[in-house]
Amino acid sequence: MIRAPSSASTRALAHKSWQLTRASYTSLSTSTRRFPTQLSSSRSSTPLRTTSSSWAYQPLTIRRALATVTDTLYGVTASRLGKSSSSSHSDFFAQHAQHLASVDPEFASNPILHWSEFPDFAAVKPEHVVPAMTALVQYVETQFQQRSKQFTPTWAGTMGLTQDLEDDLERASGVITHLSMVKDSPELRSAVEAIQPMIVKISLQMGQSLEFYDALVKMRENAETWNGLDKEQQRIVDKTIQGMKLSGVGFGLPGEGNAEKRKRFNEIQERKAQLSLKFSNNVQDATKAFVKVVTDKKELEGCPESLVQAMAKNAQKRGHGDGDADKGPWAVTLDAPTLVPFIMNCKNRDLREQIYRANVKRASEGEQDNEPIINEILSLRKEEASMLGFDSFGSLSLSKKMASNVDTATNVLDRLYKATLPAAQKELAELSEFASTRLHHPTPLRPWDTAFVGEEYRKDRFKYSADQISEYLVFPKVIDTLFAVAKDSFGIEVSEMAQEEQQKAGLTTWNKDVKVYKVQEEAPGKKLLAYFYGDFYSRSEEKKSGAWMDVCVTRMKDPVSGHVRVPIAYMICNQPAPASDSEPSRMKFQDVTTLFHEFGHCLQHMLTTVEYPQASGIKGVEWDFVEVASQFMENFAYEPQWLDQMAHHYKTGAPMPQEMKSSVMKSRECLAGLAMMRQLHFATLDLELHTQFDPSRADQESIFDVDRRMAKKTCLITPIPEDRFLCGFSHIFGGGYAAGYYSYKYSELYSADAYAALEESDSEEARREMGKKYRDTVLAYGGATDPKQVWKEFRGRDGVEVDALLRHSGLTSHA
């Protein structure tokens, strides 16, 4: 996910594991995503920051975790460094740094503002946040006001006069956002809340500039000037104009009531930012607050030893026991690395129900109750859409996506629903029969049973548990294989930077386990292409759950010297840390596909050839196309060639048995219909809330009533009346997926069809040629080319084939 805290952004674990409870799906996300995705996937949702051309190229903005002023056009965008890359420490960026230092001493001493190639994460403290953003926002505001008098209807007279200001804002807010996701603390959270209003204000000021907007429109209308731009510049201008319209620039025009409308519109943006941040904090606090201490090990029957050890450590961290896995006590918590395997393996039905109910009611009570926040967010979004001339927030959101309108998105979901329902019904019948006859388990199945029975069914069918499979999936081997895939398919080499090399570059990280990698061309010369940080292990006390990719530095051409600054990415996962210093991290296969997914996002950021920062890498890519690159990469994890390379026993080094490999390769077809139905429920519910639901009548039909109504169609196991999973649905209320959750399935149609192009290759040489074509189109063009054109150039046709997705999932098309 693109963070979107992909997150967003992250991503929803439901993407791969239908068995999780409804609350688990969304709580384990993220962007996205980031984009995602906060995913992500998710991938997850993200807290703070302005995005590239945040004030223009997308409707409004402050980076998603801090606010999500509106759901963005980009996947996840992050801070961009305003200085040099290791490939070119150009005079332009160095001079700019010197200039800033002369403006305010804060620019010369504050590590959030004062960095060259890489941020000095070890030096950044929460007390640096407010002074940094105060000084920067004041500088940007003054500069923008002065430059507004100089705008002319040319590229240089518009984008050329604002690019450095955007870069300055993004590099600083990006550092803050990133640390708020991976190193949260009460002090940092307070600092983020303090700077939020000033970021919203400067974003609105820039996004509603009539002088800038007028110059862009005149440039668009002048045929000679317009034809003098290249296609990438033209798209950037068009999308910037669209973004400014959606940012309320029209309310600055002379006209009756416009002043009042502008005031109200800006109030909405500020309030939405506050609510989004509060929603995310409530979810995180509620997740941290819950703990179920178990003192009798018999209650944990069925739980794998690795989970029992983790729960003993959980208890120790919370002041219970000494971490002894044999004696206990043990603590069941709601963070993903504990919750997911517990729900899937614990035989104690009563205990599963307790944990399920706690999870499904997260952030729905007391001071952390998100229901009123959701109602106010939906009300504000509806009002915002109406002010901009849309009949719903769903229509506003879709207007800037590839699908372009609600009907298109709905039709795709309906087609998938019709194709999936028969398979899902058959799967549930088989699961219920298995539970009754083989497990002697009560039926009908309840929501806290499906994960457990589903895992037992999978083990019976494929002979191996997820924990047994994890013995053959150790992190060093898996990531080496991932890099081998990238080399074989895209002609790049990825290598970890040694500590000496990092020290020489003055490079620091935010945690001792974080790794730094460099990406180079495989061809002679080893041209440097990019860097990325890898933060792979869970730290529930300070790091948000989910998995996501985000941007540290964007590829950009020095306008003076012509040197190109290489991009830098963040790749964030939450797999279990090594059990000891002598053992590597063992990964569930789901952790493996998540790793491949997030690396796909990174590749699109790192292998871009676009030199305009407004649309380089993932920036500017329509939200419902940005997951294509990530989902595409997941397919490699199931291929025999790569599974053979990555799967070796963590103790003996023996290769994974053939029967087990066959089980892994077939695993994504197991209960795929139910998994698809779960995702379709989230997507259709999201659209319903943002198109048909009336928050002003919540006393007659609440958000939970809407959920139950939609569940009658898409949830084959009826949710319990107390279900409040919406209070933890961070994708749409704390991230960038509002009226956009459908993007996961929409993108997956394209990613499956894209991978089918590799499958259709009749030789290894043809396959590598297709991989090169994919790199030269989908990964290279970023947001500077319309995704429909990107797709046509790569696939050779306009449409997307639905059958590829259904085939990969083991489903028969009834569409």
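The model is predicted.

Start with helix 5, residues 159-182. Gln163 sits in this helix. Its relative accessible area is 15%. The cut-off for buried is under 20%, so Gln163 counts as buried. Beyond its neighbours within four places in sequence, Gln163 is in contact with Met556, Pro613 and Gln614.

Pro559 and Gly160 are 399 residues apart in sequence, yet their C-alpha atoms are 8.7 Å apart in space. Pro559 belongs to the loop between strand 9 (556-557) and strand 10 (564-565). Its relative accessibility is 56%. Exposed means over 50%, so Pro559 counts as exposed.

Now take the packing of helix 5. Two packed helices are described by the angle between their axes and the distance between the axes. Helix 6 spans residues 186-207. The axes of helix 5 and helix 6 come within 12 Å, and they cross at roughly 155°. Angles over 145 degrees count as roughly antiparallel, so helix 5 is roughly antiparallel to helix 6. The crossing of the two is left-handed. On the helix 5 side, the contact is made by Leu165, Leu169, Ile176, Leu179 and Ser180. Helix 6 supplies Leu188, Val192, Ile195 and Met206. By class, eight of these contact residues are nonpolar, one is polar and none is charged.

Helix 17 is next. It covers residues 450-462, and two of its contacts are described here, with helix 12 and with helix 16.

Helix 12 runs over residues 336-345. Its axis and that of helix 17 come within 6 Å and cross at roughly 70°. The range for roughly perpendicular is 65 to 115 degrees, so helix 12 and helix 17 are roughly perpendicular to each other. Ile343, Met344 and Asn345 of helix 12 meet Ala451, Phe452, Glu455 and Lys459 of helix 17. This contact has four nonpolar residues, one polar and two charged.

Helix 16 takes in residues 406-437. The axes of helix 16 and helix 17 come within 10 Å, crossing at roughly 85°. That angle makes helix 16 roughly perpendicular to helix 17. From helix 16 come Glu430, Leu431, Phe434 and Ala435. They meet Val453, Gly454, Glu456, Tyr457 and Asp460 in helix 17. The contact of helix 16 with helix 17 divides into five nonpolar, one polar and three charged residues.

Further along is helix 25, residues 672-691.

The last stop is Arg795, in helix 30 (residues 787-795). Is this residue buried or exposed? Arg795 has 14% relative accessibility, so it counts as buried. Leaving aside neighbours within four places in sequence, its contacts are Asp753, Ala756, Ala757 and Glu760.

Terms used. Residues numbered from 1 in each chain as written. Predicted model: local features only at pLDDT ≥ 70, side-chain atom pairs only at ≥ 80, totals over all residues. Heavy atoms only, no water. Helix = DSSP H or I, 4+ residues; strand = E, 2+ residues; numbered from the N terminus. Buried < 20%, exposed > 50% of the residue type's maximum accessible area, 1.4 Å probe, protein only. Contact = heavy atoms within 4.5 Å. Axes fitted to C-alpha atoms, helices over the stretch in contact; angles between N-to-C directions. Parallel < 35°, antiparallel > 145°, perpendicular 65-115°, else oblique. Left-handed = near helix turned anticlockwise from the far one by under 90°. Nonpolar A, V, L, I, M, F, W, Y, C, P; charged D, E, K, R; others polar. Expected span 1.5 Å × (residues − 1).
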